[in-house]
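Please open the structure in your viewer and keep the selection tool at hand.

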Amino acid sequence: MPDPARQQIIEQADVVVVKVGTNVLTDDTGALDRSRMQSLADQLHRLHAAGSKVVLVSSGAIGAGVGRLGLGKRPGDLPHLQACAAVGQTALMQVYQECLTPYGLHTAQILLTAGDFDNRVRYLNVRNTILTLFEYNCLPIINENDTVSVAEIKFGDNDHLAAMVTNLLRAPLLVLLTNVDGLFNGDPRVNPNAELIATVPHIDRAVTDMAGPSTSALGTGGMKSKLRAARLATAAGESVIMANGAIPNILDRVFAAEPVGTLFLPHGDGVSARERWLGYTARPRGKLRVDEGARQAVEKHGKSLLPIGVSAVEGTFGKGDVVSICDGDGIEFARGLTNYSSADAERLRGLKSDQITRVIGKLPYVEMIHRDNLVLVT
């Protein structure tokens with residue numbers, strides 16, 4: 001029976017981002033599971049035919065390369081991972097196109113790195129490309145560019161990428177298809193009494209503590225990465241559904257508003273496109289630690305961050321870079337575009353405006369970060 005809360009979310013989701021993990025797409029040897037990919041393609045077609053604009057964020061390139069090369073397991077060193085990605089990405093896209101060709105639906109490959117999201121111009125170019133592909137009735141299929149993206153292979157995952165794409169497009173719904181049924185209140189592998197959580201209103205510390213370690217031999221994510229991705233999307237005002245991609249017709253059931261998987265409700269107000277980029281997408285180049293008075297002024301009273309409130313400067317950054325604004329314990333509560341480089345910020349921290357003039361002979365900016373270039377992220 002349809003869940004009313006889910007039904008309302010789905011009815012408003014004109015743009016949908018679907019992320020599918022490596023373990024959903026591959027068999028135990030790492031080879032692509034053609035029947036499962038065909039089932040996914042069938043469901044994506046039905047979703048597309050119903051009028052939704054759909055973006056697929058697909059893992060599986062490295063896993064497909066492992067299978068095609070007959071390696072049996074995921075390599076441990078970077079050059080072999082990148083080689084597997086290069087071999088596997090072509091196989092992955094070929095199968096998707098073959099599965100969707102009977103429906104007359106064209107696929108479009110987009111390979112991205114974190115740098116594409118850090119740079120505002122490149123970020124907007126990605127958005128414009130995807131929107132244009134919608135005009136051509138194409139299915140954009142996005143993956144990390146693992147062949148060149150060192151940081152992504154070692155530390156990143158496509159859960160995070162999917163959340164950033166969701167924010168990029170202001171898509172009302174992100175669906176994470178994984179190899180588990182959703183979020184449980186315990187580890188069901190060791191606790192038979194663990195229960196599936198149907199709805200999570202807010203992703204807080206108590207929720208993230210429920211995540212266990214990843215046991216995947218081919219993928220890079222785990223429940224922790226999925227919760228981080230869900231928090232990134234829900235904090236910007238979007239909904240997330242996590243469900244088991246191995247369940248037959250799972251997407252059909254999700255979009256029939258059946259109570260499958262776990263629904264994460266949005267807990268942030270509607271955020272503008274620029275604020276999404278600044279607060280939830282671009283990677284900070286450094287940190288500014290502030291005293292309690294500065295935190296209250298920024299967080300509670302909507303003020304700019306002044307040099308006098310900055311107690312410490314961390315990292316190396318230039319004027320105009322995105323930096324984290326943290327409290328005395330190093331907990332981030334805001335991000336912004338700094339008016340000063342890290343070197344100048346170090347010289348000016350803790351100073352009043354008249355003192356700054358005496359130190360550097362002029363006062364280029366009263367604010368370390370102007371309120372118009374600042375976004376709260378808590």
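The stops below begin with confidence and then turn to helices, loops, a sheet and the nonpolar cores.

**Confidence**

Begin by colouring the chain by pLDDT, since this is a predicted model. The protein chain has an average pLDDT of 90, and 94% of the residues score at least 70. Next, select residues 214-220, where the pLDDT is below 50. In the model this stretch makes 17 contacts beyond its near neighbours in sequence.

**Helix α3**

Select residues 34-49, which form helix α3. How far apart are the end C-alpha atoms of α3? They are 22 Å apart; this agrees with expectation, because 16 residues at 1.5 Å a residue should span 22 Å. Now display the side chains of Met 37, Leu 40, Ala 41, Asp 42, Gln 43, Leu 44, Leu 47 and His 48, which are buried in α3. Just after α3, select Gly 51, which has a positive phi of about 110°.

**Helix α4**

Move on to residues 61-68, helix α4. This helix is mostly covered, with six of its eight residues buried. Select Ala 61, Ile 62, Gly 63, Ala 64, Gly 65 and Val 66 to display the buried residues of α4. Gly 70 follows α4 and has a positive phi, near 70°.

Select residues 120-135, helix α7, and find Glu 135 in it. Is Glu 135 buried or exposed? Its relative accessibility is 67%, so Glu 135 counts as exposed.

Continue to Asn 137, which is in the loop between α7 and β4 (138-144). Its phi is near 60°, a positive value in a residue other than glycine. Most residues other than glycine have a negative phi. Asn 137 counts as partly exposed because its relative accessibility is 41%.

Select Arg 170, in the loop between α9 (158-169) and β5 (173-178). The phi of Arg 170 is also positive, near 55°, and this residue is not glycine. With a relative accessibility of 38%, Arg 170 counts as partly exposed.

**The five-stranded sheet**

Show the strands of the open sheet in the order β10-β9-β11-β12-β13; their pairing is mixed. Which strands are at the edges? They are β10 (310-315) and β13 (374-376), each of which pairs on one side only. Neighbouring strands of the sheet are turned by 25° against each other on average, direction ignored.

Within the sheet, select β9 (residues 286-290) and β11 (residues 322-326), which run parallel and are joined by three bridges. Arg 289 has Cys 326 of β11 as its bridge partner.

**The nonpolar cores**

In soluble globular proteins, nonpolar side chains tend to be buried together. The largest nonpolar core here has 50 residues, of which Ile 130, Ile 142, Val 165 and Phe 264 touch the most other members. Select Val 165: leaving aside neighbours within four places in sequence, Val 165 is in contact with Val 17, Val 55, Val 57, Phe 117 and Ile 142. Finally, select Ile 9, Val 16, Ala 91 and Leu 100, which are among the 39 residues of a second, separate core.

Terms used. Residues numbered from 1 in each chain as written. Predicted model: local features only at pLDDT ≥ 70, side-chain atom pairs only at ≥ 80, totals over all residues. Heavy atoms only, no water. Core = buried A, V, L, I, M, F, W, Y, C linked by side-chain atoms within 4.5 Å. Buried < 20%, exposed > 50% of the residue type's maximum accessible area, 1.4 Å probe, protein only. Contact = heavy atoms within 4.5 Å. pLDDT = per-residue confidence, 0-100. Pairing = 2+ DSSP bridges. Helix = DSSP H or I, 4+ residues; strand = E, 2+ residues; numbered from the N terminus. Axes fitted to C-alpha atoms, helices over the stretch in contact; angles between N-to-C directions. Expected span 1.5 Å × (residues − 1).
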